[in-house]
Amino acid sequence: MERLWGLLQRAPQWPPKPIQTIYKRVEGPHQGRLEEEEEDGEEGAELPAHFCPMELKGPETLGARPVHVPWAAAGRKAAPYLFLTALLIFTGAFLLGYVAFRGSCQACGDSVLVVSEDVNYELGLDSRQGTLYWSDLQAMFLRILGEGRLEDAIRQTSRRERVAGSPEMSAMAEDLLEGLSRQKLDHVWTDTHYVGLQFPDAAHPNTLHWVDAAGGSEEQLPLEDPDAYCPYSATGNATGQLVYAHYGRPEDLQALRAKGVELAHCLLLVRVGMTSFAQKVANAQKFGARGVLIYPDPKDFFQDPHKPGLSSHRAVYGHVHLGTGDPYTPGFPSFNQTQFPPVESSGLPSIPAQPISADIADLLIRKLKGPVAPQEWQGHLPGSPHHLGPGPNLRLVVNNHRTSTPIRNIFACIEGFAEPDHYVVIGAQRDAWGPGAAKSAVGTAILLELVRTFSSMVSNGFRPRRSLLFISWDGGDFGSVGSTEWLEGYLSMLHLKAVAYVSLDNAVFGDDKFQAKTSPLLISLIENILKQVDSPNHSGQTLYEQVAFANPSWDAEVIQPLPMDSSAYSFTAFAGVPAVEFSFMEDDQAYPFLNTKEDTYDNLHKVLRGRLPAVAQAVAQLAGQLLIRLSHDHLLPLDFGRYGDVVLRHIGNFNEFSADLKARGLTLQWVFSARGDYMRAAEKLRKDIYSSEQSDERLMRMYNVRIMRVEFYFLSQYVSPADSPFRHIFLGRGEHTLDALLEHLRLLRSGAASASAPGPAPAQGFQESRFRRQLALLTWTLQGAANALSGDVWNIDNNF
């Protein structure tokens with residue numbers, strides 16, 4: 001060693017070379033992390049493939065004998081020792097560096113992990129640079145998600161009592177908070193709202209009686225499922241003749257009127273399905289009915305003898321508030337029992353409603369007279385075929401009572417590293433009236449699994465650009481009360497903060513058919529994700545291939561507008577945040593146990609023929625990959641150009657009224673011009689983004705802010721959120737909406753008020769003053785969206 005050290009001291013001193021830091025992938029148990037190596041080398045030079053000792057020779061002249069250089073010979077003899085010593089030094093340094101890196105990676109976070117900034121994620125893994133692309137994030141997510149116990153979580157959740165406001169629900173909330181606190185999350189918290197909920201009166205149960213000609217009560221009809229009721233029903237007595245009204249849709253009631261069946265002062269018997277309970281009661285009230293009885297007809301559910309069916313003595317639960325949130329504080333959040341003016345939601349019915357079983361409905365239908373019901377109206381009750389009515393007089397007594405009830409929403413957050421003030425929100429209803437396996441246990445279990453999965457991804461170095469906000473909602477069975485109260489509390493800032501909302505409610509009712517109820521902004525992203533998730537029941541196919549197989553126009557098969565009874569509806573129609581709710585279901589048959597005491601884990605498992613874990617896993621994969629894209633992409637993957645197509649499709653219905661309007665000196669040209677301005681603004685923004693440098697963080701954030709507010713632009717700024725909470729011109733309700741304008745235009749042909757109009761029916765036919773106001777409300781909202789999307793307040797081009 002002394003000889004070797006002497007040779008090294010006499011060796012030439014080479015100048016220091018620049019240091020290169022290289023990130024390379026760590027395989028094995030720490031897969032997904034990156035580690036540092038430091039190598040000497042020229043800047044930009046390739047690393048040597050192998051080490052080769054070199055022999056140095058002095059200059060030779062022609063014909064001269066070789067000159068012996070003593071230090072060169074010694075170098076050749078010492079080369080193996082040099083190599084071994086260098087290898088030992090390098091190995092020791094590497095191990096020390098690796099140990100130090102493992103202990104510090106959580107602190108260094110995104111400064112170590114380099115995530116692909118390619119929006120399209122088309123590139124694979126570059127092992128030399130150690131960059132994580134979309135495929136790497138996807139693989140990490142799927143691997144960690146697969147380690148969970150989703151089926152057990154669904155089973156355990158469905159076995160707990162979860163009625164909103166109950167002591168059992170409070171205990172579950174505490175358990176949930178404790179579980180979330182063990183995850184790697186940045187924030188966990190709750191908020192409490194004091195809301196008005198309606199419950200049955202145990203001392204004075206609801207009743208149904210036959211009534212004699214003199215108006216006296218006769219035989220009482222037993223309500224076989226006394227716990228089933230309709231929250232927010234009007235209370236009191238309702239007496240009238242019975243009429244069968246199919247599903248209680250506007251077209252059903254109009255058909256009855258056309259057949260000469262009088263609806264005023266009657267009790268309507270309607271079937272579960274097609275529309276929400278609230279819409280059925282609102283329609284009946286509009287036609288003058290005094291009360292509504294709602295029953296589940298066997299025809300609307302499974303006819304397969306190999307699948308379980310709903311018991312004929314079961315009734316179906318459902319609220320009848322035509323709206324969302326606490327109907328006793330419309331437009332205001334119910335924090336801290338704050339005192340509000342004594343105002344009630346306009347969506348509360350003024351007539352009573354009660355769910356009944358199929359057995360009781362059969363007894364009632366057998367008493368009906370009048371015209372025979374059309375074939376398509378005939379159900380599968382034993383008394384079929386049956387008549388429309390009227391039948392004998394009935395008296396319905398509803399004694400539900402309102403109670404101020406505390407409910408708790410639970411929040412968990414993973415902060416983003418680049419845009420922490422922008423949130424991608426995912427939520428699920430926690431409460432349930434019965435076992436609620438399909439209603440809320442599946443969604444709650446998937447939510448908790450996604451929290452665990454993303455928490456583990458953070459532990460493995462992943463940090464999203466935007467924050468992820470996971471929420472467990474309370475009060476969902478009363479009309480998305482928990483989520484709407486939260487939206488009302490933060491309405492003034494949500495369009496500045498919330499990127500999108502993903503709902504996990506109503507996710508699994510079957511495994512044959514897939515639907516996405518969504519804002520148009522998310523359609524393109526959903527299509528992309530469907531191509532990357534395997535079908536749970538078609539081996540070798542993606543979900544996209546499954547849905548596109550039967551219908552090449554996949555969006556016509558899959559995409560549906562958000563209905564009011566969806567938990568995601570308020571996010572878009574009230575708060576202006578793009579939202580989506582996924583559902584797997586059976587072909588042409590509804591899940592029979594929804595909102596009943598038979599919505600158990602065992603029944604859901606039997607309906608899916610043992611495929612519940614696979615379908616729930618598919619939903620989790622779909623939602624999780626959607627979250628990754630929304631929280632990670634440099635540029636938000638929201639298709640802001642889609643709304644131009646939506647407007648064009650809707651206003652295409654106006655063309656048939658052009659001649660009628662022209663004859664009155666009126667025109668719809670303003671709407672067409674506003675749509676053109678929106679399309680030009682969208683195209684300009686698209687070109688600006690295409691020609692921009694994605695590494696410019698300031699510019700990308702500016703574009704993202706404009707994109708994420710597009711949905712908010714379609715909330716009418718000319719109506720009050722307290723008076724017209726659903727201000728969205730495409731999804732909302734009121735005179736400002738496109739549907740209201742179209743219904744009014746139809747009066748040009750009918751000459752009378754349409755009973756199906758979403759707003760209050762006018763006292764007479766078409767009114768020019770009303771038309772002009774509706775046109776102004778719609779046009780200037782659409783024009784405002786175009787102006788906001790253009791972003792240049794100093795260069796707005798109005799073409800009309």
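This report describes strand pairing, helix packing and a few individual residues in a predicted model.

## Basis of the description

Because the model is predicted, local features need pLDDT of at least 70 and side-chain atom pairs count only at pLDDT 80 or more, whereas totals for chains, interfaces and linings use all residues. Residues are numbered from 1 along each chain as its sequence is written, and side-chain values use heavy atoms, with hydrogens and water left out.

## The eight-stranded sheet

Eight strands form an open sheet with mixed pairing, in the order β3-β11-β13-β12-β14-β17-β15-β16; strands here are DSSP runs of E with at least two residues, helices are runs of H or I with at least four residues, and both are numbered from the N terminus. Two strands count as paired if DSSP finds at least two bridges between them. The edges are held by β3 (187–199) and β16 (559–560), each of which has a single partner strand, so one side of each is left without a neighbour in the sheet.

Within this sheet, β11 (residues 401–414) pairs with β13 (residues 466–473) in the antiparallel sense over five bridges, and Phe411 stands opposite Ile471 in β13. Helix α10 (residues 481–489) lies across β3, β11 and β13, and runs at about 115° to β3; axes are lines fitted to C-alpha atoms, for helices over the stretch in contact, and angles run from 0 to 180 degrees between N-to-C directions.

## Strand β6 and its partners

Strand β6 (residues 236–244) is joined to β10 (residues 393–398) by six bridges, and these two strands run antiparallel. Four bridges join β6 to β7 (residues 266–271), and here the strands run parallel. Ala238 stands opposite Leu396 in β10, while Leu242 stands opposite Leu267 in β7.

## Packing of α18 and α20

The axes of α18 (residues 642–651) and α20 (residues 669–690) come within 9 Å and cross at roughly 165°. That angle makes α18 roughly antiparallel to α20, a description used for angles over 145 degrees.

The contact, defined as heavy atoms within 4.5 Å, is made by Tyr643, Gly644, Asp645, Val647, Leu648 and Ile651 of α18 together with Val671, Phe672, Arg675, Tyr678 and Met679 of α20. These residues divide into eight nonpolar, one polar and two charged, where Ala, Val, Leu, Ile, Met, Phe, Trp, Tyr, Cys and Pro count as nonpolar, Asp, Glu, Lys and Arg as charged, and the others, Gly among them, as polar.

## The loop between α8 and β10

His386 lies in the loop between α8 (358–365) and β10, and at 2% relative accessibility His386 counts as buried, a term that means under 20% relative accessible area, with exposed meaning over 50% and partly exposed in between (1.4 Å probe, protein chains only). Not counting residues up to four places away in sequence, His386 touches Tyr244, Ile365, Val372, Ala373, Trp377, Gln378 and Gly379. Pro374 is 12 residues from His386 in sequence, with 9.2 Å between their C-alpha atoms.

Pro390 is also found in the loop between α8 and β10, and the peptide bond from Gly389 to Pro390 is cis, with omega near 10°.

## Backbone angles to check

Most residues other than glycine have a negative phi, and most peptide bonds are trans. Tyr232 has a positive phi, near 75°; this residue is found in the loop between β5 (217–221) and β6, and is buried at 2% relative accessibility. Arg609 likewise has a positive phi, of about 55°, although it is not a glycine. Arg609 sits in the loop between α16 (601–607) and α17 (612–632) and is partly exposed, with a relative accessible area of 46%.

Technical notes:
Parallel < 35°, antiparallel > 145°, perpendicular 65-115°, else oblique.
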